[in-house]
Amino acid sequence: MNSNYLTLIMNSGALLTIIILLPPIIMPKPSMTFTTKLVKTSMFISLIPLTIYLNENMETTLTLKPWMDWTLFNIALSFKIDKYTAIFTPIALVITWSIMEFSQWYMEKERLVDKFFKYLLLFLITMITFISANNLLQLFIGWEGVGIMSFLLISWWSGRTKANVSALQAVAYNRIGDIGLMMSMVWMCSNTNSWDLQQITLLLSNQQYIIPTLGFLIAATGKSAQFGLHPWLPAA
């Protein structure tokens with residue numbers, strides 16, 4: 001098949017995967033069954049980009065709209081559909097679908113269960129935004145979105161003291177990771193004049209820089225709860 005058609009199908013599948021998750025967030029009180037079915041549908045649609053990648057070893061970039069269009073510094077809403085996005089998205093959707101199926105039974109009598117499902121969907125969307133980001137600003141938005149939604153999900157049963165303490169602990173430890181990421185972003189902006197990940201890769205290829213490397217290492221350590229910054233995860 002023509003590569004242009006494959007690119008169109010891959011981009012459309014990736015975009016539709018996210019769009020189909022939005023109605024339950026916008027609707028006032030969507031039913032649990034409706035939300036779960038949309039997540040299931042989105043999961044099957046996400047298999048389209050994965051299938052194309054596995055068969056054709058093809059990656060693509062979906063650029064939608066420029067956010068900042070300055071003379072020397074441009075940022076656009078851009079998604080990189082590579083092997084990480086293609087593989088991670090269906091896995092994240094399957095896990096979310098499983099959680100929702102279980103929650104329909106476990107939280108059947110919960111008064112605000114529709115709100116919990118919205119939080120879960122926002123958590124999923126911010127994860128996909130983070131993993132598919134093609135620039136550091138978009139990556140940072142997804143990064144912070146995951147942190148905010150983690151706090152809201154951990155503290156869901158706000159009447160429990162342990163839940164509130166664990167949520168605050170997660171925020172505190174994740175702020176350390178945020179400092180590392182922002183340190184790298186500031187360095188990239190001042191030294192490469194770009195936040196586009198592809199441009200940065202080209203400009204810094206075959207070179208080693210301590211500050212951005214250390215910043216990304218701190219960020220990854222905090223977000224993935226590695227030893228030293230791990231206490232929030234078992235508490236959650």
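What you see is a predicted model, in which local features need pLDDT of at least 70 and side-chain atom pairs count only at pLDDT 80 or more, while totals for chains, interfaces and linings use all residues. Residues are numbered from 1 along each chain as its sequence is written, and side-chain values use heavy atoms, with hydrogens and water left out.

Domain 1 covers 1-134 and domain 2 covers 136-235; these bounds come from an automatic or database domain assignment. Their C-alpha centres lie 21 Å apart. The size of an interface is often given as the accessible area lost when the parts come together. Here about 2200 Å² is buried between domain 1 and domain 2, with carbon and sulfur atoms giving 73% of that area. Buried area is the accessible area (1.4 Å probe) that two parts lose on being put together, summed over both.

Now for the helices, which are DSSP runs (H or I, at least four residues) numbered from the N terminus. Two packed helices are described by the angle between their axes and the distance between the axes. The axes are lines fitted to C-alpha atoms over the stretch in contact, and angles run from 0 to 180 degrees between N-to-C directions.

Begin with helix H1 (residues 3-19) and H3, whose axes are 8 Å apart at an angle of about 150°. That makes H1 roughly antiparallel to H3, a label for angles over 145 degrees, whereas those under 35 count as roughly parallel. The H1 and H3 crossing is left-handed, meaning that the near helix is turned anticlockwise from the far one by less than a right angle. Among the residues making this contact are Leu6 and Ile9 of H1 and Ile45 and Tyr53 of H3.

Helix H3 (residues 32-56) also packs with helix H5 (residues 113-132), at about 15° and with axes 10 Å apart. H3 and H5 are therefore roughly parallel to each other. In this contact, Met32, Thr35, Thr36 and Val39 of H3 meet Val113, Phe117 and Leu121 of H5.

Further along, the axes of helix H7 (residues 161-192) and helix H9 (residues 210-223) come within 7 Å and cross at roughly 155°. H7 and H9 are therefore roughly antiparallel to each other. H7 passes H9 in a left-handed crossing. The residues in contact include Gly177 and Trp187 of H7, together with Gly215 and Phe216 of H9.

Key. Helices (H or I, at least four residues) and strands (E, at least two) are DSSP runs, numbered from the N terminus. Angles under 35 degrees count as roughly parallel, over 145 as roughly antiparallel, 65 to 115 as roughly perpendicular and the rest as oblique. Contact means heavy atoms within 4.5 Å.
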